Amino acid sequence: MSVNALARPPSWHRFLLIALSTLLIALVLGMEQLAPLFRALFPDQDPAMYQRESFLNLTLAHLALVLLSSLISVSIGVAAGLFVTRPAGREFEPLVSTLAAIGQTFPPAAVLAIAVPLAGFGFVPTLVALVLYGLLPVVQNTVAGLGTVPSQTLEAARGNGMSAWQILWRIELPLAMRVIIAGVRVSVIINIGTATIGSTVGATTLGTPIIAGLVGNNLPYVIQGAILVGLLAIVTDLAFERLERRFSFGEEGNAQ
Amino acid sequence: MIELQGLTKRYGDTRVVDDISLTVEQGEFCVLIGPSGCGKSTTLKMINRLIAHSEGKILVGGEDITTLPPERLRRRIGYAIQSIGLFPHWRVADNIATVPRLLKWPSSRIAERIDELLALFQLDADGLHDKYPHQLSGGQAQRVGVARALAADPDVLLMDEPFGAVDPLTRDALQVELSRVHRQTGKTIVFVTHDMDEALRLASRVALLNGGQLVQYDRPAELLVAPANDFVRDFIGRADLGLKLLSRRRVEEYCRPAQRTRNNATASAPITWQVDADDRPMALLGGRLGESDIARTVVNNEWSATPEMSMKEALSRMVWFRVTALPVLDSEGRLLGEVTMAGVMGHRP
């Protein structure tokens, strides 16, 4: 896969990504160093620093949850999107779109409430909720991305003797990749935020200090969790933006 | 060689292609033409099985096309469509290499072939090799499309309105180039267009279709002088039939010896050319309508013809410069002979 020279992102973008990533890592590893600051800001709170678990562990657990759920969402979502754009699966398109949309319309809290009696507390119900929640943007964008491939391009591929598989791998997926990645980006960003709610059913995430802070009326806990979740979402979003640009090939056709 | 035998395509009860039989000989340039919806594109796409035929038989090189897997068949037949058919995420070289790569040619042979084709289409300058389709001009993209179709050296080339999306000037250049490539490679070409001038210009045989049926399959000149029926005559364009015919004729067919003189005073014939020591025409004595015997200096090469020029263009120049004769010049500007208005009229088409 070659990269189009015209699609290079501005240099400040790269700087921002590096700066915010550094800040995120520094906070994950060294939040405890800010204890004096939090004590000064919130003199009435004791303790003013969440210490039941290290922020590194919380972040890693959070990432593991998001990574796994996104992996499953993307696998199922892309597969479903591919299936309904093949001749054999075309009639299932409305059904799949509707199912994915239903997954998204359920509030995540409701999904958790349904999942807990079925799957117990902790990691698994949260995973189920995140997978359902992240499915729609992936399915939608896979279908949309494959739809942007011009019919003449497909005809040329067929006319030049490519098999259906070769057309999919060499033409359709590379050309649809930008839009598909945009869908994955939305899905992952949603899940980074939504995973925090998993802590209400006992999953260990960056939501744990937030929930603890809300329950115990401890604002510093909430801030410490929220800052990390927010930064994580922004850094991930910036990284995805760069990834998307790698798959832009300029305008199609014969522009001068 | 391509043979269509009783070829039919039905969608439900409508026969979009209805019992077409024709043979395209080896090395022939066959143009399928007709009004929209006449089945010309469908016919073309049935040859490489992009569309399955309902009845009849298609033989390519003597082989029934249904005996081969469609992908294998298509890799043996070049296919070119409008420029948007280039793969936008592949460089020019990758686009051209499409079929050789599918055929798993060794990469050294592919690289050689790419260079060969870029040279054939005069695309070897400007580092076009590594450009992406959206960085090309319309004409360049079109040439790459044809180069890609020729990459694996197929005997047969199918072209579906390949020049439909380019401006008239570029189309002109592309037609000249395609003619040249056809002469140089001797490929059998089947070409779909709705533009009669394009058909007359390129074809060695024209198949005129209407309502899914083959109306006439003939050499362009036959189509012009012996149209099968009124539909053919109307489609060609009744009004400028004569001019179309002249567009297929070359000046050298009409060229006749010219009268020369070295001094400008005496004209020995109604049309006499005053020439210099190198036999370059200086002026025409006589031959100007309405103004008798007025010498007119031959100032530039617009006011003349070359042997390769079409008679339509020569006639157009006579009308424009209001003369009844044009000098026919060789590449050095020397007088080869003349074409005259009377000659155009006297010549049987």
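**Figure 1. Contacts and overall make-up of chain A.** In this predicted model, 74% of the contacts in chain A with a separation of 6 or more link residues 24 or more positions apart. The C-alpha atoms of chain A fill a box of roughly 75 × 50 × 20 Å along the principal axes. Of the 256 residues in chain A, 39% are buried.

**Figure 2. Helix 8 of chain A against helix 10 of chain A.** Here we're looking at residues 164-194 (helix 8) and residues 219-245 (helix 10), whose axes come within 10 Å and cross at roughly 175°. Because of that angle, the two helices of chain A are roughly antiparallel. On the helix 8 side, the contact takes in Arg178(A), Ile181(A), Ala182(A), Arg185(A), Val188(A), Ile189(A), Ile192(A) and Gly193(A). Helix 10 answers with Val229(A), Leu232(A), Ala233(A), Thr236(A), Asp237(A), Phe240(A), Leu243(A) and Glu244(A). Sort the residues of this contact by type and you get 10 nonpolar, two polar and four charged.

**Figure 3. Helix 10 of chain A and its buried residues.** With 27 residues, helix 10 of chain A reaches 39 Å from its first C-alpha to its last, close to the 39 Å expected at 1.5 Å a residue. Its buried residues are Pro220(A), Tyr221(A), Gln224(A), Gly225(A), Leu228(A), Val229(A), Leu232(A) and Val235(A). Val229(A) and Leu232(A) are buried and also belong to the contact with helix 8. The buried residues of helix 10 pack against helix 8 of chain A, and against helix 1 (11-30), helix 2 (35-41), helix 3 (55-85) and helix 9 (207-215) as well.

Figure 4. Over in chain B, Ile33(B) is found in strand 3, which covers residues 29-33. Ile33(B) counts as buried because 24 other C-beta atoms lie within 10 Å, and the cut-off is 20 or more. Leaving out residues up to four places away in sequence, Ile33(B) touches Lys40(B), Thr193(B), His194(B), Met196(B), Ala199(B), Val206(B) and Leu208(B). Ile51(B) sits 18 residues from Ile33(B) along the chain, and their C-alpha atoms are separated by 18 Å.

Definitions and conventions
Residues numbered from 1 in each chain as written. Chains lettered and ligands numbered in written order. Predicted model: local features only at pLDDT ≥ 70, side-chain atom pairs only at ≥ 80, totals over all residues. Buried ≥ 20, exposed ≤ 12 C-beta atoms within 10 Å, placed from the backbone. Contact = placed C-beta atoms within 7 Å. Axes fitted to C-alpha atoms, helices over the stretch in contact; angles between N-to-C directions. Helix = DSSP H or I, 4+ residues; strand = E, 2+ residues; numbered from the N terminus. Parallel < 35°, antiparallel > 145°, perpendicular 65-115°, else oblique. Nonpolar A, V, L, I, M, F, W, Y, C, P; charged D, E, K, R; others polar. Expected span 1.5 Å × (residues − 1).
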